[in-house]
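Please view the structure below before reading the notes.

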Amino acid sequence: VKATSLRRREFLAAGAAMAAPQAPVRIGIVGTGGRGVSLLRILLRMDRVSVPALCDIDRQNLERAAALVEKSGRPAPETYAGEEDYRRLVARDDLDAVLIATPWEWHAPMAVSSMRAGKYTAVEVPAAISLEECWELVDTSEATGVPCMMLENWSFLRPNLAVLKMIRQGLFGEIVHCHCAHSHNCIYWYFDKEGNPRWSGRHLLRRNADQYPTHSLGPVLSWMDINCGDAFAYLTSTATRSLGINHYFRKTFGPDHPAARRVYRQADIVTSVVKTVRGNTIVINNDMQLPRPYDNRWMIQGTEGLYDEARSAVYLSGRSPNYEQWEPFAPYQETYDHAWWRRVPTDVAAIGHGGTDYLELELFVEAVAARTPPPIDVYDSVTMSVIIPLSEQSIAAGSAPVPCPDFTRGQWKRRRPAFAVES
Ligand SMILES: NC(=O)c1ccc[n+]([C@@H]2O[C@H](COP(=O)([O-])OP(=O)(O)OC[C@H]3O[C@@H](n4cnc5c(N)ncnc54)[C@H](O)[C@@H]3O)[C@@H](O)[C@H]2O)c1
């Protein structure tokens, strides 16, 4: 991983002030629910990683995670179970990094606390859920010199990295447009079996926004040189009615069940369009409560052709064999496969989103050990996350355009692409 040019000198100065490079890499985990444990299992595959401390308010989840650490042959981790106990965890002097996999509303406060304690910070998606939190993450990372990486795994997906190489080698010509979606029925994740909202479902009661924009945007940021040559200028968002959740619970529990009658603010589908400073457009679909197979519908288009993920196909002018007809992507995947994927052992390819989660954690751990910037920095983390409050604002104002903040404070004009650049 190469150091980005942005504030590199300050970064190195701050890095020198932090603890000396250590092996093994010692990671504390806050949040050991579904995602925290799945990331923990992957970390335990890495010999140099130790896990001295875990924190969760759910004792059962905490014990289960602690047992996994012990079963791996590592010493039993110290456990913290209070709601504010993460503060005690991040303050430990035997941690190099902290990984946060808690409910959304805790991400920014916990990440800020971790950075202030000098710990490399990895935070699950989204990194923040309000504009103020986005700025707080940027300000804290800049003031402390401590990196904060949002764990946006789809940035590392094998085909997405191959497409990135193709873009950088000019196969699609000049890029002008991109489409992306998070179309994933998550009713099971938002509600418990009785139809009560879990922490995630409570966000659907109180907000109408693209509440989960980072999986769609992950690869798009690097495909379109966002924060390193281009930047989000403004966004408009339009929302459908909210029918899906009530409909589902009416069918499941009958029309009089509280879950069937509750008022959910969240629309079924939110469509945002981002215009970039360079003049390109990005369509982002959020679609997480209607019955449907999982889909990301990534599509990127330039003056020489396009890639269509749903079709697993490309069309390249003057290169594809048949005039304006799709050709399969598979041979391009082979030719433009990214070197990062050579580090993913075949036996982990079956776990954690086909090895994608392993790759993102391996790169984070490597950055911690080498005291270099992680592959996704704080600017990219908040640029993806800020779609939440901006889309909410635009929807509330009748799809009005909302300016996107420039978290890099103008540096995007000078920064060179750093993500996934092969040496
Ligand atoms: N990148 C991905 O592919 C992916 C997949 C699933 C979830 N996620 C993200 O991971 C995060 C966690 O999701 P999940 O499905 O694991 O949810 P979950 O409810 O299973 O786990 C959250 C855990 O956080 C704990 N927690 C709550 N408040 C806490 C506090 N103050 N201190 C310590 N622990 C606390 C809960 O007790 C629970 O164990 C979410 O942000 C979600 O968006 C990402």
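The structure holds 19 aromatic pairs, where rings of Phe, Tyr and Trp (its six-membered ring) pair if their centres lie within 6.5 Å, with planes under 30 degrees apart counted as stacked, over 60 as edge-to-face and the rest as tilted. This is a predicted model, in which local features need pLDDT of at least 70, side-chain atom pairs count only at pLDDT 80 or more, and totals for chains, interfaces and linings use all residues. Residues are numbered from 1 along each chain as its sequence is written, and side-chain values use heavy atoms, with hydrogens and water left out.

**An aromatic pair**
- The ring centres of W189 and Y212 are 6.1 Å apart and the planes meet at 45 degrees, so this pair is tilted.
- Because W189 belongs to helix 8 (residues 187-190) and Y212 to the loop between helix 9 (199-206) and helix 10 (214-223), the pair ties together parts 23 residues apart in sequence; helices here are DSSP runs (H or I) of at least four residues.

**Around the ligand**
- Of the 28 residues around the ligand (a heavy atom within 4 Å), R35, D56, H107, W189 and R198 come nearest.
- By class, this shell has 12 nonpolar, 10 polar and six charged residues; Asp, Glu, Lys and Arg count as charged, and Gly is among the polar ones.
- Helix 5 gives the largest share of the shell, four residues.

**Polar contacts (N or O pairs within 3.5 Å)**
- An oxygen atom of the ligand lies 2.7 Å from a backbone N or O atom of R35.
- For V125, a backbone N or O atom is 2.9 Å from an oxygen atom of the ligand.

Note on methods. Polar contact = N/O pair within 3.5 Å; in protein donor to acceptor, adjacent residues only side chain to side chain. Helix = DSSP H or I, 4+ residues; strand = E, 2+ residues; numbered from the N terminus.
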